[in-house]
Amino acid sequence: MHLSPFRAVSRRGSIAASAYQCPNSHCGGGPHSASDHGLAMAEELGRALAEAGWPVLSGLAEGVDAAAHRGCLARNGSPIAVLGTPLDRVYPAHHRSLQQQVGRQGLLVSPNWSGCRVHSGHFAARNHWLVAFAQALVVVECPQRSGALISARWASRMQCPLRSGDSRGKHQRLMEAIGWGATFDQLLLRLQCSPAELAPQLLALECQSELLCESGLHWRKSWP
């Protein structure tokens, strides 16, 4: 069940409250320590969505989140940031200018009221809110123990479409590499890719019911 975007949130910005329920709103996700390729891909994604007239949501965190919003801002798009802090706080601190830009051109949203103490649970909850607001989640990179992985799991539970960035042709190669079944390490060897590249593809195909993960170790195709 989706959270109501109008319950228990504070907001600031130039977009009307109803705008962040736009049916085309896309949320970008990825790790703080993204690769150069991941950052470039996130910024290009933000530009492309803005040019198509679609709002771009992110948590305004380090890495992929910030890159997606910079791309959106560069094309005069509609960025929407869901913060893990109250609106009067900036984290990370060096994002102050970026947060101000998003507030002027788009919308800042926070489920945390001014003056509340911030703890790690607020940032995990932010990922939940991001998925609740979005109509689709695009995972750019997804290493283990990342906020992007948390968001992807929420997307699966909440039936929010999950897409893997830069996935053209990759899913087909992955399905071919799995064959009758394979472990994560076996797939890394067969595809000659990194864990950060493989994880979001597996997760996306699992959410699309094309793959099954047995005992958290072995992947196989979902047979009709």
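I take helices (H or I, at least four residues) and strands (E, at least two) as DSSP runs, numbered from the N terminus. The model is predicted: local features need pLDDT of at least 70, side-chain atom pairs count only at pLDDT 80 or more, and totals for chains, interfaces and linings use all residues. Residues are numbered from 1 along each chain as its sequence is written, and side-chain values use heavy atoms, with hydrogens and water left out.

**His 122.** I located His 122 in helix 4 (residues 120-133). I noted His 122 as buried, at 14% relative accessibility; buried means under 20% relative accessible area, exposed over 50%, and partly exposed in between (1.4 Å probe, protein chains only). Setting aside neighbours within four places in sequence, I found His 122 in contact with Gly 84, Asn 112, Cys 116 and Arg 117, where contact means heavy atoms within 4.5 Å.

**Helix 1 and helix 2.** I looked up the axes of helix 1 (residues 36-51) and helix 2 (residues 64-74), which come within 7 Å and cross at roughly 35°. These axes are lines fitted to C-alpha atoms, for helices over the stretch in contact, with angles from 0 to 180 degrees between N-to-C directions. From helix 1, I listed Gly 38, Leu 39, Ala 42, Glu 43, Gly 46, Arg 47 and Ala 50, which meet Val 64, Ala 67, Ala 68, Gly 71 and Cys 72 of helix 2.

**Leu 137.** I placed Leu 137 in strand 6 (residues 136-139). Leu 137 is buried, with a relative accessible area of 1%. I also noted that Leu 137 and Ala 155, 18 residues apart in sequence, lie 7.1 Å apart in space, C-alpha to C-alpha.
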